[in-house]
Amino acid sequence: MATDGSPYSGSTHVNGRVELTVDSIKSYEPDVVVAPDSTPPSLVSSLRAAGIPVFVYTKKDSFNDIILATKTIGKIFKDEDSEREFIVSRRNVKKLVEPHEKDKKPVIALYNSSHGVYRSGIIRDMIEQVHGIDGAGNLVITESGKDINMLSDVWWYRDHKTTVDMNQSMGTKADLIRINPDVIFVPTRFIDKLPDYKQDIDAIMNDPDLQNVTAVKKGYVYPVQELFVMSYSWKAFMAMEQMAKWLYGPSTYEGIVKYKSEP
């Protein structure tokens, strides 16, 4: 079983969420609880006192940290194939990117009009893997009560949503305009056959303030699954694969302009 916010889900199907208490978690009779380090220490200690093993993983900020955490969790569950998903995704990305390694690198930003500009080491790694330049790499976000060296991410926001304003923990629209990216990836509810993502794409494409941004002018604005972005698990590699497909793979979505890399 995994606590709310953990990208590592158990095999039990859960119809909805429960309040994070010892009793509610214990009702599932878990063999072990996998929890992010944002889980209240009092809950972790209470679970352990109740005889429930708890593995707390740290939300670090790079692909290498994700691989290390995946390997560790794989050992806990005796999963000999715990690395398979990100190995497959990396291989798929390499196949798409290799023919374009001599092309000019596009400046890339992740932006959602209701969240802001995303910035993290994980995103930086994704962008570098798809032969791009992280447009938010030099973005400095000053926040009250938060270390400015701790890079902004959506999971941190969700953990602290009652005490922090998303607009203060992410880059702003003004930052996006200043960055002027060649490509914008939009973290959104991007699930095949569901049109929800189009609203987030349209909010950017139709924003009068963004009409001079290169990515908007050329139509290089693409959705990526928000739950994969900075998931601190192998799913982050799936987000990277989505990015590579938009940049270099076949275009399969009607009305979305295919990116054309420059030599």
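Where is the place of I256 in the chain? I looked this up at the outset and found I256 in the segment after α11.

**Basis of the entries.** I worked from a predicted model, in which local features need pLDDT of at least 70 and side-chain atom pairs count only at pLDDT 80 or more, while totals for chains, interfaces and linings use all residues. Residues are numbered from 1 along each chain as its sequence is written, and side-chain values use heavy atoms, with hydrogens and water left out.

**Entry: the chain.** I recorded 11 helices and 7 strands. Of the 263 residues, 46% count as buried; buried means under 20% relative accessible area, exposed over 50%, and partly exposed in between, with a 1.4 Å probe and protein chains only. I then turned to contacts, defined as heavy atoms within 4.5 Å. Among those between residues at least 6 apart in sequence, 69% join residues at least 24 apart.

**Entry: I256 and V183.** I256 has a relative accessible area of 15% and is therefore buried. I noted 7.0 Å between the C-alpha atoms of I256 and G219, which are 37 residues apart along the chain. I next looked up V183, which is in strand β6. V183 counts as buried because its relative accessibility is 0%. Its C-alpha lies 5.2 Å from that of Y220, at a sequence separation of 37 residues. Setting aside residues up to four places away in sequence, V183 touches P106, V107, I108, A109, A215, Y220, Y222, L247 and Y259.

**Entry: the nonpolar cores.** A nonpolar core is taken as a set of buried Ala, Val, Leu, Ile, Met, Phe, Trp, Tyr and Cys residues joined through side-chain atoms within 4.5 Å. The largest has 57 residues, and I found that L110, I184 and F185 have the most contacts inside it. Helix α11 (residues 235-248) gives the most to this core, with 9 residues. Apart from it lies another core of 8 residues, among them V33, A35, V44 and I52. I also listed the partners of F185, leaving aside neighbours within four places in sequence: I108, A109, L110, Y111, Y222, V224, M243, W246 and L247.

**Entry: α4 against α11.** I took axes as lines fitted to C-alpha atoms, for helices over the stretch in contact, with angles from 0 to 180 degrees between N-to-C directions. The axes of α4 (residues 84-97) and α11 come within 9 Å and cross at roughly 15 degrees. That angle makes α4 roughly parallel to α11; the classes are roughly parallel under 35 degrees, roughly antiparallel over 145, roughly perpendicular from 65 to 115, and oblique for the rest. From α4 the contact draws on F86, S89, R90, N92, V93, L96 and V97, and from α11 on F237, M238, M240, E241, A244, K245 and Y248. By class, I recorded 9 nonpolar, 2 polar and 3 charged residues. Here Ala, Val, Leu, Ile, Met, Phe, Trp, Tyr, Cys and Pro count as nonpolar, Asp, Glu, Lys and Arg as charged, and the others, Gly among them, as polar.

**Entry: α3 against α11.** These helices pack at an angle of about 140 degrees, with their axes 10 Å apart. That makes α3 oblique to α11. I found F63, I66 and I67 of α3 meeting A236, F237 and M240 of α11. The contact divides into 6 nonpolar, no polar and no charged residues.

Entry: In α5 (residues 121-129) I listed G121, I122, I123, D125, M126 and I127 as the buried residues. Their cover includes α3 (63-76), β3 (107-112), β4 (116-118), β5 (133-134) and α11. Just after α5, H131 takes a positive phi of about 65 degrees. H131 is also touched by H100, as are Y248 and S261, not counting residues up to four places away in sequence. H100 itself lies in the loop between α4 and β3.

**Entry: positive phi in loops.** E29, not a glycine, has a positive phi of about 50 degrees. I placed E29 in the loop between α1 (22-26) and β1 (33-36). At 68% relative accessibility, E29 counts as exposed.

Technical notes: Helices (H or I, at least four residues) and strands (E, at least two) are DSSP runs, numbered from the N terminus.
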